[in-house]
Amino acid sequence: MKSIVLLSLLGVTSMFAGVFNYRKLILPIILIGIAAAIGLFVDQWGMNKSFYQMAFFDNYAIAFSCLLLSVSFLIFTLALYHYRKEGDIVTDLYALFIFALTGGLLMTSFSNLVMLFLGIEILSIPLYVLAGSRRADLASNEAALKYFLMGAFATGFLLFGIALVYGASGTFDLAGIAAYVKAGKDIPDFFYVGIVLLIVALLFKVSAAPFHFWAPDVYQGSPVLVTTFMSTVVKIAAFAAFLRLFNYCFTPLASYYEIILTAAAVATLLIGNVTALYQQSVKRMLAYSGISHAGYLLIALVVMGASATSVVFFYSAAYAAASLVAFAVLTAVMENKEGRESFETFKGLAKNNPILALCMSVAMLSLAGIPPLAGFFGKYFLFATAIKDGYLWLVLVAIFNSLISLYYYLRVIINMYSSADDEVPAFTPNYALVLMLLLSLGANLALGFYPDLLMGLLG
Amino acid sequence: MQSVNYIPIVLQLLVAGGFVTLAMTLTHVWGPKRKSAEKLENFECGIESQGNARMPFSIKYFLTAILFVLFDVEVIFLYPWAVNFKELGLFGFVEMLVFIAFLLLGFLYIIKKGALKWE
């Protein structure tokens, strides 16, 4: 709880940085603050502290919170590079990022449906603004409006779901609902409707099919840093909330909603991967790749049980590490080529800047799941658990989709290592970008070579 | 599975819908009808309206209005607190102080940002 309070204050501090003129100091303050928040969380490890029955900081919450904070730390390092020429507005954007992150932390640690709702709202509302933060850009405005309208709808579904679950069980408390489900007598029909509505809202937040339509447009229209945040922090927070809620409350009823999750997982995998094949923009391709990874994680949700938590945790960490590198390189390339983002802009990168090209190759291979990178072990643990629980056909579908995904990941690499059509301006080296790439690449390789680092954490 | 009795809700719907239909029909049937040029105006008194309603207006009005609504809505949270002031005790008082402090920070922010400057 202390770190959530700390982060809220950090957000306010950042908000005032613009008006009280300590603009230059704010990024170091934010980075130190986030590191301190991680420290405070690690300090709480294993203590299982409850906060007025509203938030419960078990190891699950702490692990996911630390993951979200670390990813945000890297995103702020990237911000140091990306926003270095930006003027006044930057401190407000930082404040919004931090507020969204605070919402994400609540989504990992809630023990009451009201807190889940608050967390999702605190996460979403700053994001609507951030998506439109390039005010002169029409695509950015479109992204903000689309995201807002769709998000408001999803919130409506969430509230309906919560209301119906409350109507049947008479409590918002997760433990109370779990006890009600376990007792299992006279569960009215509308309780099941409530569960389905909750699934709809959460599938929207993780951008899974058939509620994925907003994702490509919003990811493409938003500024690239915001896209990075959305495809890593927001996705992980939404999955953490999804898994926590269903694992805690509804597992005895799994046979009722399993079919929905399975269908959503298969549809998400197929739609994400097949649509990614014919994208022209790398940013949009990464959006569809994010959708397909949501499909893999949904398989973990179907399998569920105690083993699913560590699989989901590892998979999200591996996915985030690879995505961060991919988006960092994309940021650098887009900046060098006046904001263009098609596959062709990557041509000649290997000659112009071999290190960036190498980083991007590692990220793409990790996302595709090539050993010995982190992405491979994420998929390996996921498939192994699923087979053990008797979902062989689901694993076969997933492996088939991994094969499809190789095409568009390798397409980036092929473009990078072919010669450029036009003169390419040289890159100006930047220490923040280098640091960020080193850290995320290091995380990727560390997870690949020592997967036990994170696998053992959640038992 | 238990069967839930929804008939009261249906009755409520019927009564609500029926009242609206009844009231509107009756006023149309019994109400006096005077159709003069003045009666058909949008606003019967005040300054004569000019042009179309869909005209651009200064964004400043909008910003001030939305900030007013924002703070006005926040103040509503004071009412339930004031009603339960005794039960909530010192804890509730401190909580409300924190809430007001954050509200004031927001106010300070918009003043410093110059959102309320008219020129």
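A:Q53 sits in the loop that links β1 and β2 of chain A. Bear in mind that this is a predicted model. The phi angle of A:Q53 is near 55 degrees, a positive value in a residue other than glycine. With 14 C-beta neighbours inside 10 Å, A:Q53 counts as partly exposed. A:Y52 is found in that loop too, between β1 (49–51) and β2 (55–57) of chain A. Phi of A:Y52 is near 50 degrees, again positive in a residue other than glycine. A:Y52 has 8 other C-beta atoms within 10 Å, so it is exposed. As background, most residues other than glycine have a negative phi, and most peptide bonds are trans.

On to the peptide bonds. One cis bond joins A:A209 and A:P210, with omega about 0 degrees, and A:P210 lies in the loop between α8 (189–205) and α9 of chain A. Another cis bond joins A:P371 and A:P372, with omega about 5 degrees; here A:P372 belongs to the loop between α15 (354–368) and α16 (374–388) of chain A.

Now for the chains themselves. Chain A has 19 helices and two strands. Its radius of gyration is 21 Å, close to the 23 Å that the globule rule gives for 459 residues, so chain A is as compact as a globular protein of that length. Chain B has four helices and zero strands, running α-α-α-α from the N terminus on. The radius of gyration of chain B is 25 Å, well over the 14 Å that the globule rule gives for 119 residues, so chain B is more spread out than a compact globule.

| Chain | Span of the C-alpha trace along its principal axes | 
|---|---|
| Chain A | about 70 × 55 × 40 Å |
| Chain B | about 60 × 60 × 30 Å |

Burial tells its own story. Of the 459 residues of chain A, 57% count as buried, while buried residues make up 0% of the 119 in chain B. In chain A, residues 24 or more positions apart account for 80% of the contacts with a separation of 6 or more.

Which residues have the most contacts inside the largest nonpolar core? They are A:I299, A:L301, A:V325 and A:A326, in a core of 182 residues. Helix α13 (residues 306–336) of chain A gives the largest share of this core, 21 residues. Leaving out residues up to four places away in sequence, A:V325 touches A:C359, A:V362, A:A363, A:L437, A:S440, A:L441 and A:N444.

A:S231 has its place in helix α10 (residues 224–250) of chain A. Is A:S231 buried or exposed? A:S231 is buried, with 27 other C-beta atoms within 10 Å. Apart from neighbours within four places in sequence, A:S231 is in contact with A:Y219, A:L286, A:G290 and A:S323. A:S231 and A:A320 are 89 residues apart in sequence, yet 8.2 Å apart in space, C-alpha to C-alpha.

Last, a helix pair. Helix α6 (residues 138–169) and helix α9 (residues 214–221) of chain A pack at an angle of about 145 degrees, with their axes 8 Å apart. The crossing of α6(A) and α9(A) is left-handed. On the α6(A) side the contact includes A:A139, A:K146 and A:M150, and on the α9(A) side A:W214 and A:V218 are among the residues involved. By class, this contact has six nonpolar, three polar and three charged residues.

Technical notes: Residues are numbered from 1 along each chain as its sequence is written. Chains are lettered from A and ligands numbered from 1 in the order in which they are written. This is a predicted model: local features need pLDDT of at least 70, side-chain atom pairs count only at pLDDT 80 or more; totals for chains, interfaces and linings use all residues. The radius of gyration is taken over C-alpha atoms; the globule rule is 2.2 Å times the number of residues to the power 0.38. A residue is buried if 20 or more other C-beta atoms lie within 10 Å of its own, exposed if 12 or fewer, and partly exposed in between; C-beta atoms are placed from the backbone. A nonpolar core is a set of buried Ala, Val, Leu, Ile, Met, Phe, Trp, Tyr and Cys residues joined through C-beta atoms within 7 Å. Two residues are in contact if their C-beta atoms, placed from the backbone, lie within 7 Å. Axes are lines fitted to C-alpha atoms, for helices over the stretch in contact, and angles run from 0 to 180 degrees between N-to-C directions. A crossing is left-handed if the near helix is turned anticlockwise from the far one by less than a right angle, and right-handed if clockwise. Ala, Val, Leu, Ile, Met, Phe, Trp, Tyr, Cys and Pro count as nonpolar, Asp, Glu, Lys and Arg as charged, and the others, Gly among them, as polar.
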